[in-house]
Amino acid sequence: MHRGTLLDFPMIDFSQIPTSVAVWWGGMSAVAVLNLILLIYSRKLLMSKMPSMSEMVQKVRKYQFLLASIYTIGCGFRSILPRGDVRRIVLVDHWISAIAIGRSVATIAELAFVAQWAFLLHEIGKGSRDNSVLSISKMIVPMIFIAECFSWYACTTGNFFGTIIEESLWAVAASLTMIGFFRGRKHYQGTQKNFLTAGIVAAFGYVIYMVAVDVPAYITNWLANQAEGKVYSTLAEGFVAVATVWRQTYAEADWQYEFVWMSLYFSVAVWMSIYIMNGPEMDKGLKKS
């Protein structure tokens, strides 16, 4: 662990980085730059469409741009400075890689992302006058706030059980969002209906991944720790550790699981976030009653 000062150059021994890790890291860094370009372009496109939008949609889309910006920048930061929170591993040995910093950025970004889901559901509920969709829009942000609390519990104590709960809550939130899209879809036709169909497919794919791959992986890690009789840190000890303790590693085995979820999360999820702000206006395309 290299504490460093504000002006210290990050500690990286490029000669020791395996090719697979270097390609993955370089690819994620390039995607982070691409995402910023897409965000800037999308804002320009949104501004050009604003005058034709209703007051309600304009208000929602302004929030969507702010939230997409937070999410895109947060994911870009985490792409360039990868870390594994619970195992406290980093690629870049510097204070800016502290787990506490990365987890704080992740918390803000993830709450922004799920808030985008909520605002989209709000726009659908208002446009279609479907109170069930509006109710779902109010449920998912508090749910993910609780999930983030469990994530902090996991990375401070080292107990993967917190991550199991966190990821399970994400799966539930995505399931509720999918239900909201499904309920809203019956009110629309044309572009809006196709948009919601795509949303249902994306949400279903995410839920399947979480249930079949992500949550079981963390259950496996938790069971292995239980079998070994691992002693977990207290919350007090853990909060000190996440700010001061990390292990730099370039080993492919240490980053193998991150190859999958980080690559998808910091690319496809960000593209979805950016697209939402320019998606179809959900007070249009409604079926005639």
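Which residue stands opposite Ile 89 in β2? Gly 84 does. The views below come from a predicted model, in which local features need pLDDT of at least 70, side-chain atom pairs count only at pLDDT 80 or more, and totals for chains, interfaces and linings use all residues. Residues are numbered from 1 along each chain as its sequence is written, and side-chain values use heavy atoms, with hydrogens and water left out.

**View 1. Three strands form an open, mixed sheet.** The order is β1-β2-β3. Strands are DSSP runs of E, at least two residues, and helices are runs of H or I, at least four, numbered from the N terminus. Two strands pair if DSSP finds at least two bridges between them. β1 (83–84) and β3 (247–248) are the edge strands, each pairing on one side only. β1 pairs with β2 (residues 89–90) in the antiparallel sense, over two bridges.

**View 2. The largest nonpolar core has 64 residues.** Such a core joins buried Ala, Val, Leu, Ile, Met, Phe, Trp, Tyr and Cys residues through side-chain atoms within 4.5 Å. Buried means under 20% relative accessible area (1.4 Å probe, protein chains only). Trp 24, Tyr 71 and Leu 91 are among the residues with the most contacts inside this core. Helices giving two or more residues include α1 (19–49) and α9 (268–276). A second, separate core of eight residues includes Val 90 and Cys 155.

**View 3. Tyr 71 and its contacts.** Contact means heavy atoms within 4.5 Å. Leaving aside residues up to four places away in sequence, Tyr 71 touches Phe 113, Tyr 265 and Val 270, among others.

**View 4. Val 60 lies in helix α2.** Val 60 counts as buried because its relative accessibility is 4%. Beyond residues up to four places away in sequence, Val 60 touches Phe 119, His 122 and Glu 123.

Definitions and conventions:
Buried < 20%, exposed > 50% of the residue type's maximum accessible area, 1.4 Å probe, protein only.
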